[in-house]
Amino acid sequence: MAIIGGGIAGLSAGKFLAERGVSFILLEEHREFFKKACGEGIIRNTVGYEFHDLYGSKRGIEREIWETIIHTKYGELSIEMPVLMTSKREVEAELARQAAAQGEIRMGERVEKIVDGVLLPQEIKPKIIIGADGCFSLVRRYMGERQVRCGIAAEAYATEVDMDPDRCHVVLKNEVVRYGYAWYFPKREVWNIGIGCSKKRTFRETFSRFREKSKGEGWRGAPVPIDKPGRSYRKNAILVGDAAAHVVANVGEGIMPSMIGAYIAAEVIERLARKDFREVDLSPYERGWKNTFGKYLRRTYYTSRIFYDVIKSEYVRHKLLAKMCRDTTEYYRKILKR
Ligand SMILES: Cc1cc2nc3c(=O)[nH]c(=O)nc-3n(C[C@H](O)[C@H](O)[C@H](O)COP(=O)(O)OP(=O)(O)OC[C@H]3O[C@@H](n4cnc5c(N)ncnc54)[C@H](O)[C@@H]3O)c2cc1C
């Protein structure tokens, strides 16, 4: 078993495999965790899965915030849902600690090529390859799938933000960013702020303005999938996380879908391991995630397309958002009994 990529998806796959007693090797090209930019907010409950149950630790969880305010040109909208603000670096380190119980994690090792199922230059021929290698996935290419369509986002830390620090804030105004949004997420001591945009050229124009105004420090950017999830297995390989476009496309939330996908993958792989990988059929993985969040992710993809590409009026967007906020608040109140 080999996992390529040591972000949330790969480390979660390692952790869940370790819990099931399946050995693996994980290869991550960077020497440290959290190299990729992230807003560090986790929607605690996604499609019925609880982050705490999946993660099994408190390390890196800084605080929970129940209300997010969406600022539009036409006013403020409130949405109630549980968002955990985290230190992603610590969360990744903790996942690695749990994964190491049964696996070997090699940092600073990039897989350059996969030829006939052999990872190069490592010369490892695993029974199964888990592609957790992000938006530009090598495993995805090996499977013959086209690259995931991506937008772009950038984040930084800020200390001076003139907003209520007990709420998360999202700014959806054309004058701030077209085809996307800005966020202000209060962590324990600093704010994680940033902007995300589905069009690269618009991002470049907007970003320099946003950066100047917002006084963030340590800016870094990265691609975010804005695609429908498609085929996720072929040959002896499967895809998880960004590599599989498992992202809630209308908000760019990928942490929970990555973890849930990894959980389902580990379940399927454990069954194959019990039969000593005699017949490797990975189709149950695809059925598993499709039944769990396939429809939901596709819906968020179409919502984001309609929201940014079809509806041009900010007023209509505001009205639509108001309805979405009400529905989501009602949903979380009901399932979490608040
Ligand atoms: C600016 C920004 C803000 C975001 N904010 C949020 C948020 O607040 N909440 C949320 O839920 N989601 C957010 N997301 C999305 C979320 O971060 C991702 O969806 C999620 O982290 C996916 O994790 P992953 O492990 O699939 O991919 P990645 O984190 O990209 O991990 C892939 C790993 O694979 C490694 N790798 C790649 N190729 C190779 C190779 N050939 N050999 C070895 N290693 C390789 C990379 O180094 C990397 O560590 C944000 C994304 C961005 C860009």
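Q: Two residues are in contact if their C-beta atoms, placed from the backbone, lie within 7 Å; which residues in H1 meet H6?

A: This is a predicted model: local features need pLDDT of at least 70, side-chain atom pairs count only at pLDDT 80 or more, and totals for chains, interfaces and linings use all residues. Residues are numbered from 1 along each chain as its sequence is written. Ile8, Ala9, Ser12, Ala13, Phe16 and Leu17 in H1 meet residues in H6, including Ile255, Met259, Ala262 and Ala265. By class (nonpolar: Ala, Val, Leu, Ile, Met, Phe, Trp, Tyr, Cys and Pro; charged: Asp, Glu, Lys and Arg; polar: the others, Gly among them), the contact has 12 nonpolar, 3 polar and no charged residues.

Q: What makes Ile4 a member of the largest nonpolar core?

A: Such a core joins buried Ala, Val, Leu, Ile, Met, Phe, Trp, Tyr and Cys residues through C-beta atoms within 7 Å, where buried means 20 or more other C-beta atoms within 10 Å. Ile4 is among the 94 residues of this core that touch the most other members, as are Ala13 and Ala265. Helix H6 (residues 255-274) gives the most to the core, with 12 residues. Contacts of Ile4 include Leu27, Val111, Ile130 and Val139.

Q: Why are strands E11 and E18 called paired?

A: Pairing needs at least two DSSP bridges; E11 (residues 129-131) and E18 (residues 237-239) have 3, in the parallel sense. The two strands therefore pair.

Q: What makes E8 and E17 edge strands?

A: In the open sheet, ordered E8-E2-E1-E11-E18-E17, E8 (103-107) and E17 (233-234) each pair on one side only.

Notes. A residue is buried if 20 or more other C-beta atoms lie within 10 Å of its own, exposed if 12 or fewer, and partly exposed in between; C-beta atoms are placed from the backbone. Helices (H or I, at least four residues) and strands (E, at least two) are DSSP runs, numbered from the N terminus. Lists of a residue's contacts leave out its neighbours within four places in sequence.
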